[in-house]
Amino acid sequence: MAYFDHAAATPVRLEVLEAVAPLLTTAYANPSAGHGQGREARAILDDAREEIAHLLGALPGELIFTSGGTESDNWAVAGTLERGRREGRGRAVVSSIEHKAVLEAAERATGRSGELSLVEPNEYGEVTAEAVAQHLGDDVALVSIMTANNEIGVMNDLVDIARAVRRNAAHAVIHSDAVQSAPWCDLQEVTRAVDLLTVSSHKLGGLKGTGVLIVKEAVRLDPLVVGGAQELGRRAGTQDCLGAMAMAVALRCAVRDRDLDVARVSGLRDGFLSGLVALGAVVTASGVRVLPGHAHVSFPGLLTDELLVGFDRAGLAASAGASCASGATELSHVVTALKREEAVGKGIVRFSLGRTTTQTDVADALEIIRRVLDLLGGVRSTSATGLLD
Ligand code: PLP
């Protein structure tokens, strides 16, 4: 099986397995317990918190463990808007291509009051500071713009965006979903620029079900999960100490290997994209910064579902975009927002390469894609370059 779905989930790092496995049967005590075993569990949690905070450029007290990116996003949005409303500011400014964990939370929290302002990306999927600035004002409680998009992989300049927000919406809390960029980018500058930051472990080679929300010291956020005093009273529930440890190890390895991984994977991805274009695919994002592993393309004249089923049968794992939406035949909200459906709306596939992808995987994948396209009758039309610009 050629695995080209690293944006949905990554293989667990060997270092994570080696660190966590021996503790599975011993470090089971509740980290809130007052006895020795509880203290040992607590130490694992505290060490993980300290290391992750350090690597992301935050203070340990600013890092709250959650059940993953979805919860962190939900909490950042709902918690900020709830408090904002009490203080007389209820408007949220959110890009229209955010992950649904942000979009739906913002829609729910702003309800029918119409206090949700959607920032549209440019035609290649970038959300610019200028576009955000058009929606700012004193009534804004929350600005949430992702560091990189999960479907198309396009990266946004959060430092620039945060500067615009500080200038034009003095009371707004700035959140960024950095789930996709965390495996590839140094986030310290982004952490410094924003108030809230979401990261998820399983995109990094850690385990599913662990994430963090960085909550800057000055920010007051209403809890989302209540019923216990864990995480300094900000997020209830017995902490998953080994999940936290796995995330710390995964992030440490990602930071250690980052430069080499970025160079190697983006090289493989560029070669893969050239191969796809030679087969008639159209590259969605060009002229903008894209994460190293993302290859988001369209096969004109074909349907996403028939392509994905064909690839799957032939041993190639890819997806339509957001993994939670795969299987759905309708156009994703991200592709729709690009306003280029006519050209790239049909036959959309997100291939995502990762740390474990090899040159052989790329060659195998291209051969599978060639065979499946042949079976489906090939793409119907494309420009000379395969690019849309
Ligand atoms: N945000 C983005 C950008 C994502 O890509 C994902 C997962 O696909 C999430 C949030 C949700 O993260 P989790 O799977 O940890 O809930």
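Reader: Is Val12 buried, partly exposed or exposed, and why? Please go on from there to the ligand.

Author: This is a predicted model. Start with Val12. Its relative accessible area is 38%. Buried would need under 20%, and exposed over 50%. Val12 is therefore partly exposed. Its place in the chain is a loop, the one between β1 (2-3) and α1 (14-20). Val12 also belongs to a nonpolar patch on the surface. Leu14 and Leu17 are the other members. Together the three residues have about 270 Å² of accessible area. A residue needs over 30% relative accessible area to join a patch, and Val12 has 38%.

Now the ligand. The residues around the ligand number 13. Gly69, Thr70, Asp177, Ser200 and Lys203 are the closest. By kind, the shell holds 8 polar, 3 charged and 2 nonpolar residues. Helix α3 (residues 69-86) gives the most to this shell, with 3 residues.

Ser200 uses an N or O atom of its side chain, at 2.7 Å from a ligand oxygen. Gln180 also uses its side chain, with a polar atom 2.8 Å from an oxygen of the ligand. Gly69 uses its backbone instead: a polar atom there is 2.8 Å from a ligand oxygen. As for cover, the ligand taken alone exposes 390 Å², and the protein buries 88% of that.

Notes
Residues numbered from 1 in each chain as written. Predicted model: local features only at pLDDT ≥ 70, side-chain atom pairs only at ≥ 80, totals over all residues. Heavy atoms only, no water. Patch = residues over 30% accessible without salt bridge, like charges linked within 9 Å, V, L, I, M, F, W, Y side chains within 5 Å. Areas by Shrake-Rupley, 256 points an atom, 1.4 Å probe, with all protein chains shown as cover. Salt bridge = Lys/Arg side-chain N within 4 Å of Asp/Glu carboxyl O. Helix = DSSP H or I, 4+ residues; strand = E, 2+ residues; numbered from the N terminus. Buried < 20%, exposed > 50% of the residue type's maximum accessible area, 1.4 Å probe, protein only. Near = heavy atom within 4 Å. Polar contact = N/O pair within 3.5 Å; in protein donor to acceptor, adjacent residues only side chain to side chain. Nonpolar A, V, L, I, M, F, W, Y, C, P; charged D, E, K, R; others polar.
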